Amino acid sequence: MDDFLFNEFSTVSPAAWKQKIQVDLKGADYNDSLIWKSNEGIHVKPFYTSEDRHNNNVCLPKDGYKICQSIFVDDVIIANKIAVDSLERGATAIQFIAKNTFDYIVLFDKIDTKKTHIYLNFEFLDAAFISEIEKYCKGNYIYFQIDIIGNLAKTGNWFSNLNADISEKAKFIDTVTNSICVDASLYQNAGATIIQELAYALAHTNEYLELFGESIALKIHYIFSIGSNYFFEIAKLRAFRILVEVLFKERGIKHTTIHVFTKPSLRNKTIFDYNVNMLRTTSECMSAILGGSDTISNISYDSIYHKSNEFGERIARNQLLILKEEAYLSEAHKFANGAYYIENTEKQFAEKALQLFKQIEKNGGFLKQLKKGTIQNKISENAGKQQELFDQNELILLGTNKLPSQNDRMKNELQIYPFLKKKNSKTLIVPILQRRLSEQHEQNRLKME
């Protein structure tokens, strides 16, 4: 019966479709009129067929995504209470962010660390403390989001210095299961292109392999930020898994599925018409789900100008719960398999990022390029282009540079400083600065209130 139904329709080749479109264009050029070329140099066609499939064997997670609640550890009792409450309300993972050591026994009280994924994002490096936590938790679900190279890129300095950081890292790298983090979110939030994100994350990974050897490959996990280009972001995450497989294969490493933790971007978030941030994060979380994220931590709509609060965090968590339970995306991580447009786009991303990665390695590797300022300059160049498009209203943030609500008043709502803070401290290298697109626009508007 199925064969009979399909036999009713004759196949149409891509050439025939293109010919028909060309006739309808009445003399206009097909390439100029209908093929869009992104800033990354990705060509998007008006239609895709099975010939655009590349049968990319993307090594995706076995299960769907985990809903993560991010909690800053100031008072361990309060942080524990928030974590336990979040798990009872639907979260299946917790990210603790800390600037200093803490009483981990109190923090993990009533949390089953053998079943709950715990992400420990430390702004310090302490091998003895990390080893204690690993020994206490006794499980494979503890991820230490400590990135010594990422800290250099973000702050301009090592935690101590190059040799000391490597030595401290080496003390626990073999005994701690998930001991190496590559935080690629910095690049997206600073204004890098998707191709730059992918290439820098891959070069960042390769730098760790150079420093500590191939044996640490399976201990590496990743953080990515997800932007607003829905399909491109899906393709980005899938392309990165392809690239890591290529890198590992080239180095003779037996490949396994990598672990990817994602958050929505901060770059496109705004303080005016802030409810639109919920729409942005919903779209970005969907990209993260369909792109194959292992864990997603949403950000609240008011996170850039309000202190952490129960309402904002609950809304952010519920967005992911609705996508999981009501939109039936709980096992959607493989939905993009076979999608002609996405597979074609991820192939273009992977190929262009691999070319850039090879250039970085040819010129001495990621650390050397950071020290020379090449990485910073490339990101800054693209960020400048994005900013120019935003300032000229060609890159739109709804409610900010298009259809703004003139009744919005935000000066008295700012509980935390929402703009880039300039630091005068001495740094070893020029840091990669994270900046939101609407910052200058918002500052000018605040002055007029």
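1. A salt bridge here is a side-chain nitrogen of Lys or Arg within 4 Å of a carboxyl oxygen of Asp or Glu. By that rule there are 17 salt bridges. Please keep in mind that this is a predicted model, where local features need pLDDT of at least 70 and side-chain atom pairs pLDDT 80 or more, while totals for chains, interfaces and linings use all residues. Residues are numbered from 1 along each chain as its sequence is written, and side-chain values use heavy atoms, without hydrogens and water.

2. Glu197 and Lys236 form one of the salt bridges, at 2.9 Å from N to O. Glu197 belongs to helix H10 and Lys236 to helix H11 (residues 230-250), so the pair ties together parts 39 residues apart in sequence. Helices (H or I, at least four residues) and strands (E, at least two) are DSSP runs numbered from the N terminus. Both Glu197 and Lys236 are buried, where buried means under 20% relative accessible area, exposed over 50%, and partly exposed in between (1.4 Å probe, protein chains only).

3. Arg251 and Glu210 also meet in a salt bridge, again with 2.9 Å between N and O. Arg251 sits in the loop between H11 and strand S9 (259-264) and Glu210 in helix H10, so this pair ties together parts 41 residues apart in sequence. Arg251 counts as partly exposed because its relative accessibility is 22%, whereas Glu210, at 52%, is exposed.

4. Asp294 and Arg241 make a salt bridge too, their closest N and O atoms being 3.1 Å apart. Asp294 is in the loop between helix H12 (276-291) and strand S10 (295-297), and Arg241 is in helix H11, 53 residues away. Both Asp294 and Arg241 are buried. Elsewhere, shared partners join Asp85, Arg89, Glu310 and Arg314 into one salt-bridge network.

5. (Lys and Arg count as positive, Asp and Glu as negative; His and the chain ends are not counted.) Beyond neighbours within four places in sequence, Arg317 is in contact (heavy atoms within 4.5 Å) with Ile67, Gln69, Ser86, Arg89 and Ala91.

6. Lys219 lies in the loop between H10 and strand S8 (220-226). Lys219 counts as buried because its relative accessibility is 14%.
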